[in-house]
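Subject: Structure for you to look at

Hello,

Here is the structure I promised to hand over. Please open it next to this email, and then read on for what was found.

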Amino acid sequence: MLVNDFGSVDIDSLLVSGAAGGTVSLPGGCMCCTTDAAGLGDAIAALSAPDVGLDAILIEASGIAEPPALIRLVLAARSATVSYGGLVYVVDSAEYLTTLATHPSVRGHVAVADLVVLNKADTVDDAESAAVREAVRAVNSTASVLAVTDAAVDPSLLFDDAPDRPADDGPRQLALDDLLRDDHHHDHLHAEFESVSLDHAGPVDPRRLAAFLERPPVGAYRIKGTVLVDRPGHADEAYVIQAVGGVVRVTRAPWGAQSPSTSLVVIGSGLDVVGADAALRAVLGPDADDEHGVLHLTRHLT
Ligand SMILES: Nc1nc2c(ncn2[C@@H]2O[C@H](COP(=O)(O)OP(=O)(O)OP(=O)(O)O)[C@@H](O)[C@H]2O)c(=O)[nH]1
């Protein structure tokens with residue numbers, strides 16, 4: 001976790017104690033005012049080295065940080081081992097409308113969020129809750145919006161299970177897959193989210209898939225999967241898709257034991273499941289006369 005607190009940037013050395021080198025410090029003050037992404041980029045690069053073994057890096061911005069600037073810094077830090085995981089904005093349901101009146105700039109923060117968590121749902125009645133949701137929707141018509149108590153968000157909305165680890169690999173930091181596994185053993189105290197999936201033996205239309213990923217359905221948080229692009233020179237390996245809030249990452253991977261096919265899932269909250277399902281199915285193809293359409297997908301290759 002990278003914590004950005006009012007001008008001084010510190011990484012809690014305990015939280016990254018398993019990381020190579022222990023603590024990484026970011027000189028230069030508040031991330032939102034940093035004109036040069038090097039400090040943050042270097043820290044993200046150090047933390048994402050495969051031997052460090054972190055599953056995810058969470059940057060907690062202070063209340064005054066500028067989310068658009070933070071997104072730019074994180075996007076600039078993308079690499080073969082780092083992809084953008086989305087901007088989550090946590091709202092105090094009881095205070096949000098008052099805060100909007102006193103700090104109108106909050107609208108600009110909510111506007112760029114990929115997931116808006118309406119926390120403290122237990123402190124508002126249905127009418128207040130609906131008014132908060134409407135105020136969020138007024139500035140952000142596409143984000144996932146999830147009302148919760150105690151900020152209890154199902155981690156599967158945000159992350160995938162990590163690849164299998166050895167069953168007993170000794171003392172180490174708690175990993176996200178431990179959390180996910182553990183979570184499945186409990187009653188779901190957190191709000192439910194929706195998902196829509198597609199498994200198809202055939203290929204996609206790459207131009208339509210790219211458009212779908214770049215402009216995801218309302219309420220979608222992330223889209224992932226592997227797809228077959230049935231064009232000469234493209235079908236020999238899978239295209240592996242990850243997208244959050246229109247930020248698309250595409251890589252190639254061997255089919256291995258899997259026969260070439262298409263498998264996609266859209267995960268979100270406030271998702272129009274029927275509409276998202278129809279939009280997802282509409283990416284199947286390909287259009288026979290669109291030989292250059294694949295460029296719309298390959299331009300996202302990393
Ligand atoms: N009733 C209620 N109280 C909550 C909920 N979530 C958090 N709180 C309380 O709100 C207070 C603030 O919670 P924190 O987790 O410290 O919030 P924070 O945003 O991290 O605060 P900072 O340290 O200022 O960044 C605590 O007293 C929590 O117990 C909720 O869903 N319902």
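Which polar backbone atom is 2.5 Å from an oxygen atom of the ligand? It belongs to D150. Before the rest, please note that this is a predicted model.

**The ligand**

Start with the surroundings of the ligand. N119, K120, D122, T123, T149 and D150 surround the ligand. Two side chains in that list come up again here. N119 places a polar side-chain atom 3.1 Å from a nitrogen atom of the ligand. In D122, a side-chain N or O atom is 2.8 Å from a nitrogen atom of the ligand. With D150, the backbone takes part instead: a polar backbone atom there lies 2.5 Å from a ligand oxygen.

Look for K120 in the loop between β5 (115-119) and α5 (126-139).

**The two domains**

Next, zoom out. The protein chain splits into domain 1 (2-158) and domain 2 (194-298). Their contact involves 23 residues of domain 1 and 16 residues of domain 2.

How much area do domain 1 and domain 2 bury between them? The value is about 1300 Å², with 49% of it on carbon and sulfur atoms. Between the two domains, 11 residue pairs are in polar contact, counting pairs with both residues at pLDDT 80 or more. The number of salt bridges across this interface is 0.

Now take the side of domain 1 that touches domain 2. By class, this side has 11 nonpolar, 9 polar and 3 charged residues. β6 (144-147) and α6 (155-158) each supply at least two of its residues.

**Salt bridges**

Side chains of opposite charge can pair when their charged atoms come close. How many salt bridges does a search of the whole structure find? The search finds 9.

**A cis peptide bond**

One last stop. Going from G285 to P286, the peptide bond is cis, with omega near 10°. P286 is in the loop between α9 (273-281) and α10 (295-298).

Best wishes

Key: Residues are numbered from 1 along each chain as its sequence is written. This is a predicted model: local features need pLDDT of at least 70, side-chain atom pairs count only at pLDDT 80 or more; totals for chains, interfaces and linings use all residues. Side-chain values use heavy atoms; hydrogens and water are left out. Domain bounds come from an automatic or database domain assignment. Contact means heavy atoms within 4.5 Å. Buried area is the accessible area (1.4 Å probe) that two parts lose on being put together, summed over both. A salt bridge is a side-chain nitrogen of Lys or Arg within 4 Å of a carboxyl oxygen of Asp or Glu. A polar contact is a pair of N or O atoms within 3.5 Å; within protein, one must be able to donate a hydrogen and the other to accept it, and residues adjacent in sequence count only if both atoms are side-chain atoms. Helices (H or I, at least four residues) and strands (E, at least two) are DSSP runs, numbered from the N terminus. Ala, Val, Leu, Ile, Met, Phe, Trp, Tyr, Cys and Pro count as nonpolar, Asp, Glu, Lys and Arg as charged, and the others, Gly among them, as polar. A residue is near a molecule or strand if one of its heavy atoms lies within 4 Å of it.
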